[in-house]
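I opened the file to look up a few things and keep notes. The entries follow in the order in which I checked them.

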Amino acid sequence: MLQLKKDDKVMVIGGKDKGKSGKIKRVIHAKERVVVEKLNLVKKHTKPGMDQTQGGIIEKEASIHRSNVMLFCDKCDKPVRCGVRKMGDNRTVRYCKQCEELFDK
Ligand SMILES: [Zn+2]
């Protein structure tokens, strides 16, 4: 379903972090959302005590819907559409539709 995986480099193409890129930390398949390192940060208030924190405001990554991110191709140096192709050994790999570079090696 999702053509996105942990550690993929993606660029945000919608929302407040549009134009920023980062690495996928987590994929939430059920919701078709991804969590990208240091992007879409939201401030959360924490109370002191519970987990030895002092309380206050921490920044945490909120998930982004997959339609708002695109795989980033280092070779093209821009976000690209990816295709899926079956390899000889039956592995499915994703490739860049622009330059044919494989995302899965
Ligand atoms: Zn490319």
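Is strand β10 (residues 92–96) largely enclosed by the rest of the structure or open, and how many of its five residues are buried? I note before answering that this is a predicted model. I counted four buried residues among the five of β10, so the strand is largely enclosed by the rest of the structure.

**Entry: β10 and its partner.** I looked up what β10 pairs with. The partner is β9 (residues 82–86), joined to β10 by five bridges, and the two strands run antiparallel. I found C82 bridged to C96 in β10. The two strands make a hairpin, and five residues lie between them. In the turn, N90 has a positive phi of about 75°.

**Entry: R94.** I checked a charged residue in this strand. R94 belongs to β10. Its relative accessibility is 4%, and the cut-off for buried is under 20%, so R94 counts as buried.

**Entry: zinc site.** I listed the protein donors of the zinc ion as the SG atoms of C73, C76, C96 and C99, at 2.2 to 2.3 Å from the ion. Their spacing in sequence reads C-x2-C-x19-C-x2-C. What is the arrangement of the four donor atoms? I get tetrahedral, because the angles they subtend around the zinc ion run from 105 to 115°. For reference, the ideal angle for four tetrahedral donors is 109.5 degrees.

C73 has 1% relative accessibility and so counts as buried. C76 has a relative accessible area of 22% and is partly exposed.

**Entry: the open sheet.** I traced an open sheet of six strands, in the order β6-β3-β2-β1-β7-β8, with antiparallel pairing. Its edge strands are β6 (64–65) and β8 (78–79), each of which pairs on one side only. At the β8 end, I found two bridges joining β7 to β8, and these strands run antiparallel. The zinc donor C73 stands opposite K78 in β8.

**Entry: second largest pocket.** I put its volume at about 180 Å³. Which strand gives the most to the lining? It is β7 (residues 69–73), with three residues. The lining consists of D8, K9, L71, F72, C73, D74, K75, E101, L102, F103 and K105. I sorted these residues by type and got five nonpolar, six charged and no polar.

Entry: I noted two residues here. E32 is not a glycine, yet its phi is positive, at about 55°. E32 sits in the loop between β2 (21–28) and β3 (33–36), and at 26% relative accessibility it counts as partly exposed. K38, also a residue other than glycine, has a positive phi near 65°. I located K38 in the loop between β3 and β4 (41–46). At 63% relative accessibility, K38 counts as exposed.

Conventions:
Residues numbered from 1 in each chain as written. Predicted model: local features only at pLDDT ≥ 70, side-chain atom pairs only at ≥ 80, totals over all residues. Heavy atoms only, no water. 1 Å grid on protein atoms, 1.4 Å probe; cavity = no way out; pocket = protein on both sides within 12 Å on 5 of 7 lines; lining within 4 Å. Points joined across faces, edges and corners; volume = space filled by probe spheres on them. Nonpolar A, V, L, I, M, F, W, Y, C, P; charged D, E, K, R; others polar. Donors = N, O, S within 2.8 Å, 3.2 Å for Na, K, Ca; no water. Tetrahedral: all angles 85-135°; square planar, octahedral: opposite > 155°, others 65-115°. Buried < 20%, exposed > 50% of the residue type's maximum accessible area, 1.4 Å probe, protein only. Pairing = 2+ DSSP bridges.
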